[in-house]
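Colleague: Hi! Could you walk me through this one when you have a minute?

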Amino acid sequence: MITASRPGPDRERPEELLGHACALVRLCGRDAAIAAVFLALVLVGTVSRLAAGLPGAVALALLPVLAGAFAVSAGYTVRSRRTLVSVLGEVRGRTGAPVDPSAPWTPFGTAAALDARVRDAELRRLLGAAHRCGELSWLAVAWSAATAVLFLFWWLATAMAGG
């Protein structure tokens, strides 16, 4: 991945920058889906266990830890999405692109062509936002995996307490 650029003859073309940003956005979506699946499994397991009856004191003491890890992972997932939507909105506002949510990039049919310098700057902003979203979505996956492990420990604590 490219994290910095330098001017010169080997400069990246706009299509390459856009391709990198699109690939990162797709990976962010995949990571968010993975985190959501982990969190959904933990939520269903926890609710079904609690519906069967209150667990012992040790398991109840571990429940806030599980809830905290769940909240951190969900927060990273939401922040990743909000960061991307925010940057797309800013780029759309600066470039005059339509504010249609189904068209994240400036459509080819627009009449106003962007100056190459402005276009490159906006593409670099999008690439930077895509990198940030990738980082946040990776953290969401890591925290959701930790939440799943904590859920297993919590579930074992409930089973050992005779619940």
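Modeller: Happy to; we can go from the overall fold to single residues.

Colleague: Great. Is this an experimental or a predicted model?

Modeller: This is a predicted model.

Colleague: And how many helices and strands are there in the chain?

Modeller: The chain has 3 helices and 0 strands. Following the sequence, you read the pattern α-α-α.

Colleague: What share of the residues count as buried?

Modeller: 29% of the 163 residues in the chain are buried. The accessible surface of the chain is about 9800 Å², and carbon and sulfur atoms account for 68% of that area.

Colleague: What about contacts between residues at least 6 apart in sequence?

Modeller: Of those contacts, 82% link residues at least 24 apart.

Colleague: Which residues does the UniProt annotation "transmembrane region" cover?

Modeller: According to the unreviewed UniProt entry, that annotation spans residues 32-51, 57-78 and 136-157. In the model, residues 32-51 are 100% helix, with 28 Å between the end C-alpha atoms. Residues 136-157 are also 100% helix, and there the end C-alpha atoms lie 31 Å apart.

Colleague: Let's look at helix H3. Is Thr-147 buried or exposed?

Modeller: Thr-147 is a residue of helix H3, and it counts as buried because its relative accessibility is 0%, where the cut-off for buried is under 20%.

Colleague: So what is Thr-147 in contact with, neighbours within four places in sequence aside?

Modeller: Its contacts are Leu-39, Val-42, Leu-66, Ala-69 and Phe-70. For Ala-69 there is a further detail: a polar atom of the Thr-147 side chain sits 3.3 Å from the backbone oxygen of Ala-69.

Colleague: Nice. Which residues form the nonpolar patch on the surface?

Modeller: The patch is made up of Val-149, Phe-153, Trp-155 and Leu-156, which together have about 400 Å² of accessible area.

Colleague: How far is the C-alpha atom of Phe-153 from that of Leu-66?

Modeller: Those two C-alpha atoms are 9.5 Å apart, while the residues are separated by 87 residues along the chain.

Colleague: Switching to charges: how many salt bridges does the structure hold?

Modeller: There are 2 salt bridges. Side chains of opposite charge can pair when their charged atoms come close. In one of them, Arg-30 meets Asp-31, at 3.2 Å from N to O. The other pairs Arg-132 with Glu-135, where the closest N and O atoms are 2.8 Å apart.

Terms used:
Residues are numbered from 1 along each chain as its sequence is written. This is a predicted model: local features need pLDDT of at least 70, side-chain atom pairs count only at pLDDT 80 or more; totals for chains, interfaces and linings use all residues. Side-chain values use heavy atoms; hydrogens and water are left out. Helices (H or I, at least four residues) and strands (E, at least two) are DSSP runs, numbered from the N terminus. Buried means under 20% relative accessible area, exposed over 50%, partly exposed in between (1.4 Å probe, protein chains only). Contact means heavy atoms within 4.5 Å. Accessible areas come from the Shrake-Rupley method with a 1.4 Å probe; for residues, only the protein chains shown count as cover. UniProt positions are given in the numbering used here, feature names are shortened, and annotations may be inferred rather than shown by experiment. Patches are made of residues with over 30% relative accessible area and no salt bridge: like charges are joined within 9 Å, nonpolar side chains (Val, Leu, Ile, Met, Phe, Trp, Tyr) within 5 Å. A salt bridge is a side-chain nitrogen of Lys or Arg within 4 Å of a carboxyl oxygen of Asp or Glu. A polar contact is a pair of N or O atoms within 3.5 Å; within protein, one must be able to donate a hydrogen and the other to accept it, and residues adjacent in sequence count only if both atoms are side-chain atoms.
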